[in-house]
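Visitor: I would like to know what stands behind the terms used for this structure. Please set each value against its definition.

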Amino acid sequence: GQAILAVSPDGRIRIVNHMTERLFGYDRRELLGAPADRLIPEGLTPPPAARRASKRRAADAPAHRELQGRRKDGATFPLEIAESRVDTGSDILAVAFVTDISLRKAADIALKKSHRELRELAGGLLHAQEEERRRIARELHDDVLQEMASLHTEIQRLLVAEPVGAEKLKARLQAVSKQARK
């Protein structure tokens, strides 16, 4: 449910529902006639111009605001107010529909934290992938260099070896070629 309260132009609470009692921790008798800033320090009091407002102004669409509420025990909490004006004929009352948005605010904070952690994880993953690519590139580079050094050594041996027949030279070159294909 939603807490509903009406405040007179002098800033005093005139009407409350049972959800107002539950939300703020007061008994109805403690609230009726009390200043509205007891519950909502930033105020619900209609501005002076509203006291002189026309009936048309009293029927205007409600204004939505996020404020801090204060419970009987002094604890504060975030709330959202849809505020409207009602012309009673003798006064213009500020009527507030109050919703505790503590859970929404906590969910927003948790979502932002989750997004931040996700960005950090993604950044860490990209860094790890890049490190793995570098490691693999180094290993491949080292393996290729070792193979090339081995081939170079074989070719050098062939060049400085005693002259041999074409068949023996062909067999040695085939072995070097086979090694190069690995």
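Guide: A nonpolar core is a set of buried Ala, Val, Leu, Ile, Met, Phe, Trp, Tyr and Cys residues joined through side-chain atoms within 4.5 Å. Buried means under 20% relative accessible area, exposed over 50%, and partly exposed in between, with a 1.4 Å probe and protein chains only. This is a predicted model, in which local features need pLDDT of at least 70, side-chain atom pairs count only at pLDDT 80 or more, and totals for chains, interfaces and linings use all residues. Residues are numbered from 1 along each chain as its sequence is written, and side-chain values use heavy atoms, with hydrogens and water left out.

Visitor: Which residues have the most contacts inside the largest nonpolar core?

Guide: They are Leu5, Phe24, Leu39, Ile40, Leu79 and Val98, in a core of 20 residues. At least two residues of this core come from each of strand 1 (3–7), strand 2 (13–16), helix 1 (18–24), strand 4 (76–87) and strand 5 (92–100). Helices (H or I, at least four residues) and strands (E, at least two) are DSSP runs, numbered from the N terminus.

Visitor: What does Val98 touch?

Guide: Leaving aside residues up to four places away in sequence, Val98 touches Gln2, Ala3, Leu5, Leu23, Phe24, Ile40, Leu79, Glu80 and Ile81. Contact means heavy atoms within 4.5 Å.

Visitor: Why is Phe24 called buried?

Guide: Its relative accessible area is 0%, and the limit is under 20%. Phe77, at 2% relative accessibility, therefore counts as buried too.

Visitor: What makes Phe24 and Phe77 an aromatic pair, and why is it called tilted?

Guide: Rings of Phe, Tyr and Trp (its six-membered ring) pair if their centres lie within 6.5 Å; planes under 30 degrees apart count as stacked, over 60 as edge-to-face and the rest as tilted. Phe24 and Phe77 have 5.6 Å centre to centre and 55 degrees between the planes, so the pair is tilted. Phe24 lies in helix 1 and Phe77 in strand 4, so the pair ties together parts 53 residues apart in sequence.

Visitor: How do you know that Arg71 lies over the face of Phe77?

Guide: A charge sits over a ring if NZ of Lys or CZ of Arg is within 6 Å of the ring centre and within 35 degrees of the ring normal. For Arg71 the distance from the ring centre of Phe77 is 3.9 Å.

Visitor: Where does pLDDT stay under 50?

Guide: That is over residues 45–59. pLDDT is the predictor's confidence in each residue, from 0 to 100. Where pLDDT is low, the predicted coordinates should not be read in detail. The chain has a mean pLDDT of 84, and 88% of its residues reach 70 or more.
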